[in-house]
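Please look at the sequence and the structure before reading on.

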Amino acid sequence: MLKIGVLLGDDIGLEVVPEAVKVMKAAAGAAGLDVQWQEFPIGLRGHQLHGHTLPAVTEQGLRATDGFITGPIGHSAYPRNDPTWIMPPLRKRFDLFASVKPVKSYPNLPSIHKNVDIVFVRETTEGMQTSGTVVAGSGEFRPNDEISIGMRVVTRRGANRVAREALEIARTRPRKKVTAVHKEATYRLVCGMFAEECRKAAKDYPDVTLEEIHIDSTAMLLVMRPQQFDVIVTTNQFGDILTDEGAGLVGGLGLAPGLCIGERYAMAQATHGSAPDIAGKGIANPYAMIQSGKMLYEWLGRKRNEPKATRAAVLIDQAMDHVIAEAKALTADLGGKASTSQMGDAVAGAISRG
Ligand code: ATP
C-alpha cells in the first residue's frame with residue numbers, strides 16, 4: 001500500500017489538486033494499485049488552522065507518506081516580515097534535490113514545434129542558487145558598493161545523484177538518451193565536475209546513450225530542433241532557464257507539470273503559480289497538476305518497485321492524450337469551453353472506460 005499526502009495549496013490549487021487526485025484515484029482503481037490518501041493543511045488553510053503556512057502537524061504527517069501532491073502557494077499575497085507567513089520550504093525540509101519537468105507537444109494544440117517530448121532534470125540544491133539550502137550566510141555578497149560576488153557550487157554527490165535520476169528516467173523511455181548540458185570548456189572545474197559525474201554514472205546504465213552539449217548550443221538547438229532531445233540533465237541555474245524555454249516551446253504554463261524528487265520522497269507540483277486572478281471561477285486548467293500526479297506514480301513505480309503505479313501512470317497519460325485529441329473537454333486556455341472539473345471528469349472517465 002502506498003501513502004500519498006495531499007496539500008491543496010491556495011487559490012486555484014483548491015480547484016486543480018482535487019481534479020488531479022480524482023484522476024489518480026481512477027488510475028489506481030484501474031491498475032489495482034492500493035493507495036491511502038491523506039490531506040494536510042498548508043498555506044492559508046495551514047495558517048487559519050495552526051497559525052503557520054507550514055504547520056508542524058503537516059510536516060510530520062508528510063514524513064509518514066511515500067510522496068505528496070502539492071498545489072500552488074499564493075505566497076505573493078502573504079503578509080511580509082512575519083515568520084509564520086512563509087513560502088513553505090518543502091524542498092529543503094524533504095531534501096528534494098532535483099526538479100523534473102517534462103515538455104510535450106500535442107498535435108492539435110498550438111505550439112512552436114510539433115513532436116517535442118523532452119524531460120528536463122534540473123539539480124536544485126547547488127549551482128548558483130544555493131540560497132534555499134545553505135544553513136548560514138549566502139552564496140552572494142557585496143564587499144563594497146562597486147563589487148558584487150556570486151558563487152557557484154557543484155559537488156560530486158550532487159552531480160552524481162541528479163545524473164542517476166536522469167539516466168533512470170531515460171531508461172524508461174523509448175529513445176533512452178540523456179543530454180548532459182554544461183560548459184566544461186569554460187568552467188573547467190564546476191562544469192567539469194558535473195560532466196565527470198554524468199560520465200561516471202552513465203557507466204552503470206549501458207543501455208542509455210549519454211551525449212554532452214554546451215549550454216549555449218542547447219539554448220539554440222531547443223529553439224531550432226527540440227525534437228532531437230530526450231532527457232536533459234543540467235545544473236541549477238542552467239536548468240532554471242532551460243525549463244522555462246522548454247515550457248514556452250509547447251504552449252506555456254498551463255501545460256507545464258513538475259515533480260521534485262529526493263532520495264526518500266517526491267512532490268508533485270505544477271510549474272504555474274496560484275493564479276489568484278482566475279481562482280474560484282472553475283476555469284483553471286488542471287492538466288499540469290494531473291500530469292504532475294502522473295509523474296509521482298512513475299517515480300513511485302521506479303523507487304518503490306511497484307509496477308501497478310507505473311501502470312497507473314501509463315493509464316493517465318493515455319487518457320490525457322485521448323481527451324486532448326478529442327478536444328471536447330478542454331479548458332478555455334486550451335481553446336475549449338470546459339470547466340476545471342469537466343476536464344478532470346473527462347480524463348478520469350477515459351481511464352475508467354479503458
Ligand atoms: P508565482 O509567482 O506564484 O509562481 P506567477 O506570478 O508566475 O505565480 P501564475 O499564478 O502562475 O503567476 O499565473 C500567471 C498567469 O497564468 C495568470 O494570468 C494565470 O491566470 C495564468 N495561469 C496560471 N496557471 C493557470 C492554469 N492552471 N490554468 C489557466 N491559467 C493559468
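## The ligand shell

For sorting residues by class, Ala, Val, Leu, Ile, Met, Phe, Trp, Tyr, Cys and Pro count as nonpolar, while Asp, Glu, Lys and Arg count as charged. The others, Gly among them, count as polar. The model is a predicted one. Under this sorting, the shell around the ligand holds 8 nonpolar, 6 polar and 2 charged residues.

Which residues come nearest to the ligand? Of the 16 residues around it, they are His-272, Gly-273, Ala-275, Ala-284 and Asn-285.

## Overall build

The protein has 11 helices and 12 strands. Its radius of gyration is 20 Å, close to the 20 Å that the globule rule gives for 354 residues, so the protein is as compact as a globular protein of that length. Along the principal axes, its C-alpha atoms fill a box of roughly 55 × 50 × 40 Å.

Of the 354 residues, 49% are buried. Among contacts with a separation of 6 or more, 74% come from residues 24 or more positions apart.

## Two domains

The chain is divided into two domains. Domain 1 is made of two pieces, 1–87 and 266–354, and domain 2 covers 111–250. Taken over C-alpha atoms, the centres of domain 1 and domain 2 are 26 Å apart.

Strand 10 spans residues 231–234. Val-231 and Val-233 point one way from this strand, Ile-232 and Thr-234 point the other way, and all of them are buried. Strand 10 runs parallel to strand 5 (residues 117–123), and 4 bridges join the two. In this pairing, Val-121 has Val-233 as its bridge partner in strand 10.

Strand 10 also pairs with strand 8 (residues 177–182), in the parallel sense and over 4 bridges. Here the bridge partner of Val-181 in strand 10 is Thr-234. Strand 8 is in turn joined to strand 9 (residues 209–214) by 6 bridges, and these two strands run parallel. Lys-177 has Thr-209 as its bridge partner in strand 9. Why does strand 8 count as largely enclosed by the rest of the structure? The reason is that 5 of its 6 residues are buried.

## An exposed residue: Asp-145

Asp-145 sits in the loop between strand 6 (140–144) and strand 7 (147–150). Is Asp-145 buried or exposed? It counts as exposed because it has 6 C-beta neighbours inside 10 Å, and the cut-off for exposed is 12 or fewer.

Asp-145 and Gly-282 are 137 residues apart in sequence. In space, their C-alpha atoms are 49 Å apart.

## A buried residue: Gly-344

Gly-344 belongs to helix 11 (residues 340–353). This residue is buried, because 27 other C-beta atoms lie within 10 Å and the cut-off for buried is 20 or more.

How far apart are the C-alpha atoms of Gly-344 and Pro-18? The separation is 8.8 Å, although the two residues are 326 residues apart along the chain. Leaving out residues up to four places away in sequence, Gly-344 touches Glu-19, Lys-22, Val-23 and Pro-286.

Note on methods: Residues numbered from 1 in each chain as written. Predicted model: local features only at pLDDT ≥ 70, side-chain atom pairs only at ≥ 80, totals over all residues. Domains from an automatic or database assignment. Pairing = 2+ DSSP bridges. Near = placed C-beta within 6 Å. Rg over C-alpha atoms; globule rule 2.2 N^0.38 Å. Contact = placed C-beta atoms within 7 Å.
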